[in-house]
Structure formats: structure tokens, C-alpha cells
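User: I am new to this structure and would like to learn how its features are read, one after another. Could we begin with the way in which helices pack?

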Amino acid sequence: MTNVTHWVPAHESPRWPPTLSWINMNIPEGWTKTFVRSGPNNPRFAWNEVCVNFLKSDSEWLFSTHSDVVFEPDTLNRLLSWNVPFASGLIFMRASPVVPHIWQKYEDTAQYAHRIKDTREWFFAHKEYIKFGAFLMEPRPDDAIIPIDFTSTSCTLIHRSVLEAMIPLCGDQWFVMDDDLKGGGEDRRFFELAKEAGFQPYLDRSCVVGH
């Protein structure tokens, strides 16, 4: 029996729309689910404690969805369908400018930029699928999944092998807050370390989550 840990890494109190997404989430037949939330009384980087406890458990997958995110019930199944160990749904910025949370690294630099042009062109080519709010494109377009440099962990599925492979690089500190110069978040470093450990992150553009 396979167990998935559904993790909400947030310290603030949740609102109803994301909570309903958690309640309505579908998992594969025969699987079990464990729910873990970072907060409200724990510091933000109890995130690393969650990862430690996850690796001590019998859970195979860690599914991260942030507390300000809504998603379709079959989102987990969609990400699993690609058969890759590290995959995310697509989320857009909550405030203007509403651009995709997909970053590409400039070659030979430490700088990143949003992948706006190719994302826009792909959606124009698949405009018959587009809906308001969170949605899954059905049937799943075969070209929906792409390799990326990094995205948000707002809707990210991680196999335990990814976290295990990162340990020689970061110990038990998978998540560390960047300073403003490097990005001001924790996701960039996490994705960089995963790539260094040999795991290419992917993003499914047909799996759109609400922010």
C-alpha cells in the first residue's frame, strides 16, 4: 500500500476555498493519505522538520499545497500520471503583474526571469481548454509537461528519493530562506539543490491551480 503525505506548509489560519480543496482531494485507489500542516504555532522552517518526519515515515510521496491555493480534486492524480519524481502544477502571481510562477535561469549567471512568452504561446495554442479559476485540461495534452529551473512549491509533488538524494548537499536543511538579492524566498534554493542531486523538476501546464 502506498502512502502520500499531503503537506500544507503555512503558519497562517486557512480559508475555506483551500480547505475544501484538501477535503475533496482524490488519491489513487488503494493508497492512504496523511495530512500534515506546518503551523500555526510552529516557526516557518518547521518545514525541514516536516521533511525529516516524512523520511522517517512509510510515505512515498510528499504533496505540497500552500494554504492560499485551490486545486481540482484530481490534481494529485494528474501529477502522478507523468511518472516523474518531481513535478508541479502551474500557478500565477496573486497580485499584478499576473505572470506564471515559472523561472528560467540566464545562462552563465545567477539571475532568473519569468517564462512568460513561451507560456503565453502555449496557452494560445491550447485556448479551447482554458477556464476560469483552477482547472485541469481534459484530455491531458501530451506536450503539457516541461522541464523547468524552478517554480513555487505551492502545488508540488516530490518523491522521497528526491529529498534523500539532497541530504549530502544540504543535510536536514532542505528549505532555507534566501536574502532579497537571491530572490527573497525558499523555493529557488530547493529546486537548485534538487537539480544538483540529479532530479530535473517538471511543471504541468495543463494543471492550473488558483492563487
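Analyst: Helix 2 passes helix 5 in a left-handed crossing, a term used when the near helix is turned anticlockwise from the far one by less than a right angle, clockwise being right-handed. Helices here are DSSP runs of H or I with at least four residues, and strands are runs of E with at least two, numbered from the N terminus. The model is a predicted one, in which local features need pLDDT of at least 70 and side-chain atom pairs count only at pLDDT 80 or more, while totals for chains, interfaces and linings use all residues. Residues are numbered from 1 along each chain as its sequence is written, and side-chain values use heavy atoms, with hydrogens and water left out.

User: At what angle do helix 2 and helix 5 pack, and how far apart are their axes?

Analyst: Two packed helices are described by the angle between their axes and the distance between the axes. Helix 2 (residues 47–56) and helix 5 (residues 160–170) pack at about 115°, with axes 11 Å apart, where axes are lines fitted to C-alpha atoms over the stretch in contact and angles run from 0 to 180 degrees between N-to-C directions. Helix 2 and helix 5 are therefore roughly perpendicular to each other, since 65 to 115 degrees counts as roughly perpendicular, under 35 as roughly parallel, over 145 as roughly antiparallel and the rest as oblique. Cys51, Phe54 and Leu55 of helix 2 make the contact with Arg160, Leu163, Glu164 and Ile167 of helix 5, contact meaning heavy atoms within 4.5 Å.

User: Which residues of helix 5 and helix 6 meet?

Analyst: The axes of helix 5 and helix 6 (residues 187–196) come within 9 Å and cross at roughly 95°, and these two helices are therefore roughly perpendicular to each other. On the helix 5 side the residues are Val162, Leu163, Met166, Leu169 and Cys170, and they meet Arg189, Phe190, Leu193, Ala194 and Glu196 in helix 6. By class, this contact of helix 5 with helix 6 has eight nonpolar, no polar and two charged residues. Here Ala, Val, Leu, Ile, Met, Phe, Trp, Tyr, Cys and Pro count as nonpolar, Asp, Glu, Lys and Arg as charged, and the others, Gly among them, as polar.

User: What is Arg189 in contact with, leaving aside its neighbours within four places in sequence?

Analyst: Arg189, which lies in helix 6, is in contact with Cys170, Gln173, Trp174, Phe175, Val176 and Asp178 once those neighbours are left aside.

User: Where does Pro139 lie, and which peptide bond is cis?

Analyst: Pro139 lies in the loop between strand 7 (135–136) and strand 8, and the peptide bond from Glu138 to Pro139 is cis, with omega near -5°. Asn83, in the loop between helix 3 (75–80) and strand 4 (86–90), has a positive phi of about 60° although it is not a glycine.

User: Where is Ile145 found, and what is it in contact with?

Analyst: Ile145 is found in strand 8 (residues 145–147). Leaving aside its neighbours within four places in sequence, Ile145 is in contact with Trp82, Val84, Tyr202, Leu203 and Asp204. Ile145 and Glu49 are 96 residues apart in sequence, and their C-alpha atoms are 30 Å apart in space.
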